[in-house]
Amino acid sequence: MSGPLKRGHLTEPAVVRRTIMAIAFVFIALFLVVPLAAVFGEAFAKGWDAYRAAIVEPDALAALRLTLLAAAIAVPLNVVFGVAAGWAIGKFQFPGRHVLMTLIDLPFAVSPVISGLVFVLLFGRRGWLGGWMIDHGMKVVFAVPGIILATIFVSFPFVAREIIPIMEATGTEEEEAARVLGAGGLQMFRRVTLPNIKWGLLYGVILANARAMGEFGAVSVVSGHIRGMTNTLPLHVEILYNEYNAQAAFAVASLLGCLAIVTLILKAVLERRVRARAAVSEHDEPWESKSAA
Amino acid sequence: MTHAARRRVLPGFGLTMGITVLYLSLVVLIPLATLPATAFTMSWEAFRATISDPRVVASYKLSLGAAFVAAAINAVFGSLVAWTLARYSFPGRRIVDALIDLPFALPTAVAGIVLTTLYAPSGWLGAPLARHGIDVAFTRTGIIVALVFIGLPFVVRTLQPVIEELDPDVEEAATSLGARRMAVLWHVVLPNLLPAWLTGFALAFARAIGEYGSVVFISGNMPMRTEIAPLLIMTKLEQYDYAGATAIALVMLLLSFALLLAINGLQAWTRRRVTG
């Protein structure tokens, strides 16, 4: 299944092949390589000192802290949900299973601006719950809780949609054997299920984290843009850019650029792990697992 | 094994199902339900007046039109990229392969400011284009450029595995029966890729309609000309016109759901093609 085809007579004539590759490379260079390089080029346009100054500036550090906080709350919650959903949907058959899977994907189908808007409609001063909550001293929108809620919403499906197919593919036999042999529910999960899903789980975490830290539209709607208070890194980038402080904007943006590069590397490494794991379980014969044990 | 027997052996269905439904309801379903609920508090006339306002209609047309053009561009070039990655070997293939997901990994605001800087009249790419009379930044062309960027991985990542899974024996059979390579591609390969190709197009299109972060910087945001629908929602919110924002958003949400259903159908078709 993997890798380019080696059979010579099944490739296109050399002229066609070279043309296709040339177009593909120019397209990738224009739309992916040049923009990524330009982020770092612009960030260091005024030298190392200006770069450092833009990043250690208090508002930038406050934005970094809020971004880390939002991700540190959103990602673990979505992991708990993702594993629970994976177990319920992947290991059991029940009516409405496909509907449930479609509902889990909903946040991907919704515009980021709408993802933020619904929390304003719910928790804003004139919202369904907001009036009562603000009267009781609970501020959600234009405050940190709103940012965290919006972050949870946009990063919601990532872990679940990685775990569900893996839970489904590994089947129920191993867990059933563990139960028959007397393992408790948690012991079974820790010893049997977790080793099977761990790479997929990590993969989902990487994607959810990238989205949680990088979200702009949804967070922008609920934040109120209060400098040093409700600004995440992407919002801080916007403010700096709109103040015509492009170099500082790109310096802060380069932190998010690094996040993107780390995400891509981890993603590529994990993809190979997940694929290797899938290949092993496809050919899993009893004697093989015995000799491995 | 029957489902009933499976349930007896494996524990935790009730607990995990409870967590799933509760969390899904609290985080996604109840918040999303506030949108139609708020829209129902408006009178039909007020709702209709909002969504038929020329400025709103122009923003819908722009969002749909630019998303369609961008998805079409990705459908063409993304196919060539997917084919190159799946079929040809070249040095650095793994790096290029990993780089395809950059638009997923790079925050949209960063994409927005860097594309604007590159395509501005004084930018690396904008300056040579401007000399030929082509303005990109702060025009509709700029919006399309941003939407091509964010849509690219959808087409490539949908097509690439399908190309890799194509059975070479079928192509071989056609070739050994005397078909020329181009005829094999046209009559054998292309029909098998069609469902995935349409799915990739639809995914890129759906994503581009709602996109905000990468577009707002490069679009210039001129009412009637370069103002996308998500930005108009934002503008209404900043004016505390919650009803207006809700009405515009509800139409977009319904559109997204329709596309989601279409994509689910396309994906089922793709699976039947690949496995069947």
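**The second largest cavity and its setting**

Tutor: The second largest cavity has a volume of about 40 Å³, and, since the model is a predicted one, this volume is a computed value that belongs to the prediction. Its lining is made up of A:Thr67, A:Ala70, A:Ile147, A:Thr151, A:Ala212, A:Met213, A:Glu215, A:Val219, A:Thr232 and A:Pro234. Three helices of chain A, namely α3, α7 (144-154) and α10 (185-214), each give two or more residues to that lining. Sorted by class, the lining has six nonpolar residues, three polar ones and one charged one.

Rolling a probe the size of a water molecule over the atoms shows where empty space is left. On the chain B side, α11 and α14 (242-275) each supply at least two residues of the lining of the largest cavity. By class, the lining of the largest cavity divides into six nonpolar and three polar residues, with no charged residue, whereas one charged residue is counted in the lining of the second largest cavity.

Two packed helices are described by the angle between their axes and the distance between the axes. For α3 (residues 58-91) and α8 (residues 157-170) of chain A, the axes come within 8 Å and cross at roughly 35°, and the crossing is right-handed. On the α3(A) side, the contact is made by A:Asn78, A:Val79, A:Phe81, A:Gly82, A:Val83, A:Ala85, A:Gly86, A:Trp87, A:Ile89, A:Gly90 and A:Lys91, while α8(A) brings A:Val159, A:Ala160, A:Ile163, A:Ile164, A:Met167, A:Glu168 and A:Thr170. The residues of this contact comprise 11 nonpolar, five polar and two charged.

Next comes helix α12 of chain A, which spans residues 233-242 and contains A:His236. With a relative accessibility of 0%, A:His236 counts as buried because that value is under 20%. Setting aside residues up to four places away in sequence, A:His236 touches A:Glu57, A:Asp59, A:Ala60, A:Ala63, A:Arg227, A:Asn231 and A:Val252. A:Glu238 is also found in α12(A), and at 12% relative accessibility A:Glu238 too counts as buried. Beyond its neighbours within four places in sequence, A:Glu238 is in contact with A:Phe216 and A:His225, and also with B:Phe217 of chain B.

Chain A as a whole gives the background to these details. The secondary structure of chain A comes to 14 helices and zero strands, and 51% of its 293 residues are buried. Among contacts in chain A between residues at least 6 apart in sequence, 71% join residues at least 24 apart. The C-alpha trace of chain A spans about 65 × 65 × 35 Å along its principal axes.

By class, the lining of the second largest pocket has 15 nonpolar residues, one polar and one charged.

B:Lys61 has its place in helix α4 of chain B, and its relative accessibility of 62% makes B:Lys61 count as exposed. The C-alpha atom of B:Lys61 is separated by 39 Å from that of B:Tyr88, which stands 27 residues away along the chain.

Terms used: Residues numbered from 1 in each chain as written. Chains lettered and ligands numbered in written order. Predicted model: local features only at pLDDT ≥ 70, side-chain atom pairs only at ≥ 80, totals over all residues. Heavy atoms only, no water. Nonpolar A, V, L, I, M, F, W, Y, C, P; charged D, E, K, R; others polar. Axes fitted to C-alpha atoms, helices over the stretch in contact; angles between N-to-C directions. Helix = DSSP H or I, 4+ residues; strand = E, 2+ residues; numbered from the N terminus. Left-handed = near helix turned anticlockwise from the far one by under 90°. Contact = heavy atoms within 4.5 Å. Buried < 20%, exposed > 50% of the residue type's maximum accessible area, 1.4 Å probe, protein only. 1 Å grid on protein atoms, 1.4 Å probe; cavity = no way out; pocket = protein on both sides within 12 Å on 5 of 7 lines; lining within 4 Å. Points joined across faces, edges and corners; volume = space filled by probe spheres on them.
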